[in-house]
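Welcome, and thanks for taking a look at this one. Here is a short briefing to read alongside the coordinates, grouped by topic.

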Amino acid sequence: MKELKFSPEQREVIEDTSRFLQVIAAAGSGKTSTLVGVIQKELERNTSGEEILVLTFTRKAAGEIRERIHTQTGIESVRVHTFHSFCLRALTNWHPRFKKDRPSILLPAEKNAFFREWFRKESDSIGGIPFELLSGDILLPKDFPHSWKIPLLEDYKKFKSKEHKLDLDDLVCLFLDSLEGEEPWTEIPKSGLKRILVDEFQDTDSQQLRFLRLLSDRSRITVVGDDSQSIYAFRGSEPSIFLNFPDLFVPCSRKFLSTNYRSLPKIVEVSSIPIEKNENRIPKTVLAHREGRSRIGRLKMDKISDLFSYLGEFYKASGGDLRILCRSNHRIREYLSVGVPSELLLTIHASKGLEFHTVIVDLSDGWNIRKDSPSSVWEEERRVLYVALSRAKDNLLILGKKSHSNRETAEDIFFSYFKREIPQLK
């Protein structure tokens with residue numbers, strides 16, 4: 001095995017032998033390297049690769065971690081899965097029915113196509129609300145009727161039955177129900193696990209929490225994440241699970257990775273501004289490892305073309321490593337319509353886990369939040385903003401709009417956070 005260099009706080013995480021361990025990892029803190037270090041240490045303690053399970057939330061993340069484990073240890077037997085793929089593997093390997101008759105999986109694209117067609121046919125019952133908004137109730141008026149949900153789910157269940165398919169959530173439910181019912185076949189996957197590690201645990205939902213609790217009597221559990229980057233409520237993730245982990249898994253050790261190796265000091269400082277306005281958070285002080293001066297500025301604009309006189313300069317300074325981060329795909333289409341190259345554009349959600357020399361964060365339009373939205377919605381949108389700001393390594397530009405009315409928008413409020421912190425571009 002190769003020897004990696006770790007900081008004292010990373011080493012403290014790696015050496016921890018607690019039954020339950022929560023690691024709060026700030027943006028750019030070397031989370032994945034530390035996770036691989038934990039696995040390497042576990043292997044050195046004579047735990048076999050087959051007895052270690054690493055759970056991630058995307059196939060891309062699973063592939064990256066799997067490759068880094070192999071590069072670092074030379075071992076390929078560590079099990080790295082998404083929650084869904086692990087449940088599918090358990091069902092098809094050991095479930096009495098499914099190991100003989102492998103279930104057909106309804107792909108996410110097929111599910112979305114069904115939902116879109118259903119909403120098109122039932123447009124009167126949903127009042128013409130776009131499909132994209134119906135995927136997240138937080139964006140709907142408080143008094144908006146939800147009577148369409150029950151017939152939708154009933155029709156979806158019939159559709160799956162007709163197609164003889166299960167969706168990804170069905171896989172998780174089947175496995176969890178079998179665990180909870182203590183079905184004999186579940187002894188095989190349970191008895192084969194000594195250490196479970198969960199990456200990006202701030203994105204956990206109630207089903208995934210149930211999964212861990214059902215396996216917690218057999219395995220040591222380590223979760224790694226950052227409550228400041230919990231931005232998937234529309235998928236069902238619950239930040240409270242990460243915030244309350246020490247109360248859910250007792251006794252729990254809590255460690256911090258608080259050094260940011262990505263961003264220059266002023267960017268680390270500015271990124272923390274929206275998060276510090278949230279009440280529901282784990283207090284932490286993030287320190288920059290790098291030294292140097294970053295270029296940070298604000299720009300008010302009437303239209304996207306007002307950015308053009310600065311865009312070339314920032315692009316050149318970044319050596320081409322520049323992205324404009326937008327809150328919505330609709331806003332991205334507006335950039336495309338005036339000639340901004342697609343390779344420079346990302347939604348904030350798509351940028352999560354990435355980093356760029358120069359980042360331009362669009363606060364001028366596209367943030368689907370109302371001033372009267374619940375505090376939980378405001379807190380999530382501040383976390384979305386934090387994710388955007390913390391992608392920047394060296395340069396950061398924040399875009400706002402020139403207000404011509406007395407009506408203050410959410411975009412105006414977010415942009416006002418930075419008035420005293422960074423200069424206005426002239």
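In which loop does His 164 lie? His 164 is found in the loop between helix 7 (149-163) and strand 5 (165-166); helices (H or I, at least four residues) and strands (E, at least two) are DSSP runs, numbered from the N terminus. This is a predicted model, in which local features need pLDDT of at least 70 and side-chain atom pairs count only at pLDDT 80 or more, while totals for chains, interfaces and linings use all residues. Residues are numbered from 1 along each chain as its sequence is written, and side-chain values use heavy atoms, with hydrogens and water left out.

**Backbone points to check**

- His 164 has a phi near 55°, a positive value in a residue other than glycine.
- His 164 is exposed, with a relative accessible area of 65%; buried means under 20% relative accessible area, exposed over 50%, and partly exposed in between (1.4 Å probe, protein chains only).
- Glu 200 is not a glycine either, yet its phi is positive, at about 50°.
- Glu 200 sits in the loop between strand 6 and helix 10.
- The peptide bond from Val 250 to Pro 251 is cis, with omega near 0°, and Pro 251 belongs to the loop between helix 12 (245-248) and strand 8.
- For context, most residues other than glycine have a negative phi, and most peptide bonds are trans.

- Six strands make an open sheet in the order 3-2-6-7-1-8, with parallel pairing; two strands pair if DSSP finds at least two bridges between them.
- Strand 3 (79-82) and strand 8 (252-257) are the edges, and each has a single partner strand, so one side of each is left without a neighbour in the sheet.
- From one strand to the next, the twist averages 15°; axes are lines fitted to C-alpha atoms, for helices over the stretch in contact, and angles run from 0 to 180 degrees between N-to-C directions.
- Helix 1 (residues 8-15) packs on the sheet, where it touches strand 1 (20-25) and strand 8, and its direction makes about 155° with that of strand 8; contact means heavy atoms within 4.5 Å.
- Strand 1 and strand 8 run parallel and are joined by six bridges, with Leu 21 having Ser 253 in strand 8 as its bridge partner.
- The covered face of strand 8 holds Ser 253, Lys 255 and Leu 257, whereas Cys 252, Arg 254 and Phe 256 are on the uncovered one.
- In a regular strand the side chains alternate between the two faces of the sheet.

**Around Val 223**

- Strand 6 (residues 195-198) and strand 7 (residues 220-225) pair in the parallel sense over four bridges, and Val 198 stands opposite Val 223 in strand 7.
- Val 223 counts as buried, at 0% relative accessibility.
- Leaving aside neighbours within four places in sequence, the contacts of Val 223 include Leu 21, Val 23, Val 198, Leu 212 and Phe 245.
- Val 223 and Phe 211 are twelve residues apart in sequence and 13 Å apart in space, C-alpha to C-alpha.

**Aromatic rings**

- The structure holds 19 aromatic pairs; rings of Phe, Tyr and Trp (its six-membered ring) pair if their centres lie within 6.5 Å, with planes under 30 degrees apart counted as stacked, over 60 as edge-to-face and the rest as tilted.
- Phe 86 and Phe 211 have ring centres 5.7 Å apart and planes at 85°, so the pair is edge-to-face.
- This pair links distant parts of the chain, with Phe 86 in helix 4 (residues 83-94) and Phe 211 in helix 10 (residues 206-215), 125 residues apart.
- Phe 86 is buried at a relative accessible area of 1%, and Phe 211 is buried at 1%.
- One aromatic cluster is formed by Phe 57, Phe 83, Phe 86, Phe 175, Trp 185 and Phe 211.
- Trp 378 and Phe 414 form an edge-to-face pair, at 5.5 Å centre to centre and 70° between the planes, and both residues are buried.
- Trp 378 lies in helix 17 (residues 375-389) and Phe 414 in helix 18 (residues 410-416), so the pair ties together parts that are 36 residues apart in sequence.

**Charges over rings**

- The charged end of Lys 277 sits over the ring of Tyr 417, 4.7 Å from its centre; a charge sits over a ring if NZ of Lys or CZ of Arg is within 6 Å of the ring centre and within 35 degrees of the ring normal.
- Arg 213 lies over the face of Phe 249, at 5.9 Å from the ring centre.
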